[in-house]
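Please examine the sequence and the structure shown below. A report on the fold, the surface and selected contacts follows them.

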Amino acid sequence: MSAVDVYLADLRAAIPGPSWTRRDLLREAGDHLEDATGAYTAAGYTTTEAEALALRDFGSVDDIAPGFRDTVAIGAARRTALMLVLVMIPQAFLWDGGIDLASSAHLTAPDAGLFSVLDGIIEYVGTIGALGAVIALVVTAIGQRWLPVGRRAARLTATWALTIALVIPVIGFTMLVLTGGLTVIVALAAIAFMATPFALVALSAQRTLAAC
């Protein structure tokens, strides 16, 4: 392996997180080092000398890795926030209006008690969850132009998404059970349209936390 290959391998090991975000950064780093090495070689240096000079100019792994980690974490957080937004949008349409799966299955909501409390909670959680996801998406997408967005913001975004992705399905399934008429069809619909999408959000959030 060349000195550049060893450097890129060390850099890859120093940057945790989703492989798709690291791959783009490492490709850019490799292209930059290749160009720099070529320039030094054209100037009369040997390949070994050219690589050493290119690596010196680029910076050590210890110097470069923190910035790359921030970039990877923010990229993963942006993806997680986008997923949460896309998952939250159809939930009200599926369960409260539009298709209204629960009513279509002739499930009757209790007028009071635990169901009523959970109904209020899930509406509140759904509203602030969607709002928080939109804010996180804006901050991680274009907020970097004006704000010092780094791994802390990525960690907050991932924690927020993970919390929402766990709370809503738990409350949702509990409410369906409390109707007293839960059927296999409704359970499968809940798994397909609620549990599975939120599970994907949770997985993305966990990967973001790993990158932080």
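## Basis of the model

This is a predicted model, in which local features need pLDDT of at least 70 and side-chain atom pairs count only at pLDDT 80 or more, while totals for chains, interfaces and linings use all residues. Residues are numbered from 1 along each chain as its sequence is written, and side-chain values use heavy atoms, with hydrogens and water left out.

## Overall architecture

The chain contains 8 helices and 0 strands; from the N terminus on, its elements run α-α-α-α-α-α-α-α. Helices (H or I, at least four residues) and strands (E, at least two) are DSSP runs, numbered from the N terminus.

Of the 212 residues in the chain, 40% are buried. Buried means under 20% relative accessible area, exposed means over 50%, and partly exposed lies in between (1.4 Å probe, protein chains only). Among contacts with a separation of 6 or more, 79% join residues 24 or more positions apart; a contact means heavy atoms within 4.5 Å.

The chain exposes about 11,500 Å², and carbon and sulfur atoms supply 64% of this area. Accessible areas come from the Shrake-Rupley method with a 1.4 Å probe, and for residues only the protein chains shown count as cover.

## Salt bridges

Side chains of opposite charge can pair when their charged atoms come close. The structure holds 3 salt bridges, each defined as a side-chain nitrogen of Lys or Arg within 4 Å of a carboxyl oxygen of Asp or Glu. In one of them, the side chains of Asp-70 and Arg-151 meet at 2.8 Å, N to O. Asp-70 belongs to helix α4 (residues 61-95) and Arg-151 to helix α7 (residues 151-178), so this pair ties together parts that are 81 residues apart in sequence. Asp-70 is partly exposed at 26% relative accessible area, and Arg-151 is partly exposed at 21%.

Another salt bridge joins Arg-27 and Asp-24 (3.0 Å, N to O). Both residues lie in helix α2, 3 residues apart, about one turn of the helix. The salt bridge between Arg-56 and Asp-57 also spans 3.0 Å, N to O; Arg-56 is exposed at 55% relative accessibility, whereas Asp-57 is partly exposed at 45%.

## Surface patches

Patches are made of residues with over 30% relative accessible area and no salt bridge; like charges are joined within 9 Å, and nonpolar side chains (Val, Leu, Ile, Met, Phe, Trp, Tyr) within 5 Å. Lys and Arg count as positive and Asp and Glu as negative, while His and the chain ends are not counted. The place of a charge is taken as NZ of Lys, CZ of Arg, CG of Asp or CD of Glu.

A surface patch of negative charge gathers Glu-28, Asp-31, Glu-34 and Asp-35. Glu-28 lies in helix α2 (residues 19-42) and is exposed at 54% relative accessibility. A nonpolar surface patch is formed by Leu-114, Val-117, Ile-121 and Leu-178, with about 320 Å² of accessible area together. Helix α6 supplies the largest share of the nonpolar patch, 3 residues.

## Two selected residues

Thr-208, in helix α8 (residues 184-211), is buried with a relative accessible area of 0%. Beyond its neighbours within four places in sequence, Thr-208 contacts Ala-73, Ala-76, Ala-77, Thr-80, Ala-154 and Ala-158.

Leu-137 is placed in helix α6 (residues 114-141) and is partly exposed at 21%. The C-alpha atoms of Leu-137 and Leu-82 are 6.1 Å apart, although the two residues are 55 residues apart in sequence.
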